[in-house]
Amino acid sequence: NTGSYFHRNWCEFVDLKDVPPAKAEMRAWDTASTEPSEVNPDPDYTAGVKIRLGNDGYYYVIHAVRDRKRPSGVKQMMRKYAEVDGYKTTIGIPLDAGGAGKAVFEDHAKNLAGFKFKKCKTTKSQLERFEPFSAAAEAGLVKIVKGDWNDEFCKELENFVGDGKGHDDFCDAVSDSFNNLSLSQVMPTDFTLNMNAMSSGNVWDIN
């Protein structure tokens with residue numbers, strides 16, 4: 001039973017070499033910390049999804065990864081992909097409500113010191129967070145880079161109905177990546193006040 005919020009045929013699949021330079025890029029994580037066991041044979045995954053906002057205005061899902069590891073393994077995985085992605089890619093770390101969420105966030109932040117990261121607060125429902133990505137995909141604004149992860153990734157998104165059942169770790173990660181990149185379109189964060197331009201109409205010198 002597939003959901004109606006994503007279909008892979010909405011997206012063009014492209015080769016990595018055809019992806020244009022980035023306006024911005026983020027890999028957001030949805031973290032879990034349980035290995036499969038007899039008691040819990042099918043726990044949540046830790047998932048990381050990297051999206052690039054190309055200078056052509058399209059959103060490119062560059063890479064997605066998921067695994068089930070204990071907390072130390074999760075941290076190693078996040079650090080590894082931070083190094084692979086490089087300093088231009090912002091890392092999205094979930095910040096769940098409450099003291100435990102804050103402690104987990106700080107732990108990940110220490111682990112990723114030296115890289116750019118930002119908090120992804122989980123205040124809205126999963127469906128509310130996923131809907132902007134869903135709308136962009138349906139409008140043809142999302143492209144997916146071909147890779148061996150494509151099928152697993154698309155299957156989960158196609159099955160997503162927002163009821164909290166089943167696995168939705170890729171969905172949460174893709175929502176955080178997309179929403180941060182689309183917001184950064186409207187709200188530039190790296191700007192300097194250009195005093196020389198004060199007299200003209202152009203006050204903000206956007207980098």
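Predicted model: local features only at pLDDT ≥ 70, side-chain atom pairs only at ≥ 80, totals over all residues.
Phe130 and Phe133 sit 3 residues apart in helix α3, so about one helical turn separates them. Both are buried.

Start with the helix itself. Helix α3 covers residues 126-138, 13 residues in all. From its first C-alpha to its last it reaches 18 Å. That is close to the 18 Å expected at 1.5 Å a residue. Yet α3 has a bend of about 30 degrees, placed at Pro132. Just after the helix comes Gly140, with a positive phi of about 85 degrees.

Which residues of α3 are buried? They are Leu127, Arg129, Phe130, Phe133, Ser134, Ala136 and Ala137. The list holds the two phenylalanines we began with, Phe130 and Phe133, and it also includes a charged residue, Arg129.

Now turn to the rings. A pair of aromatic rings is described by the distance of the centres and the angle of the planes. The structure holds 12 aromatic pairs. One of them joins Phe130 and Phe133. Their centres are 5.7 Å apart, and 55 degrees lie between the planes. The pair is tilted.

Compare Trp149 and Phe153. Their ring centres are 5.5 Å apart and their planes stand at 80 degrees, so this pair is edge-to-face. Trp149 and Phe153 are both buried.

Next, look for empty space. Rolling a probe the size of a water molecule over the atoms shows where such space is left. The second largest pocket holds about 290 Å³. Its lining counts 19 residues. Which of them lie nearest the centre? They are Thr31, Ala32, Asp96, Val104 and His108.

Several elements build this lining. Strand β2 (22-30) supplies at least two residues, and so does each of the helices α1 (71-85), α2 (99-111) and α5 (169-186). Helix α2 gives the most, with 5 residues. By type, the lining of this pocket divides into 7 nonpolar, 5 polar and 7 charged residues.

Technical notes: Residues numbered from 1 in each chain as written. Heavy atoms only, no water. Helix = DSSP H or I, 4+ residues; strand = E, 2+ residues; numbered from the N terminus. Expected span 1.5 Å × (residues − 1). Bend = angle between axes of the 7 residues up to and from the residue. Buried < 20%, exposed > 50% of the residue type's maximum accessible area, 1.4 Å probe, protein only. 1 Å grid on protein atoms, 1.4 Å probe; cavity = no way out; pocket = protein on both sides within 12 Å on 5 of 7 lines; lining within 4 Å. Points joined across faces, edges and corners; volume = space filled by probe spheres on them. Phe/Tyr/Trp six-rings, centres within 6.5 Å; stacked < 30°, edge-to-face > 60°.
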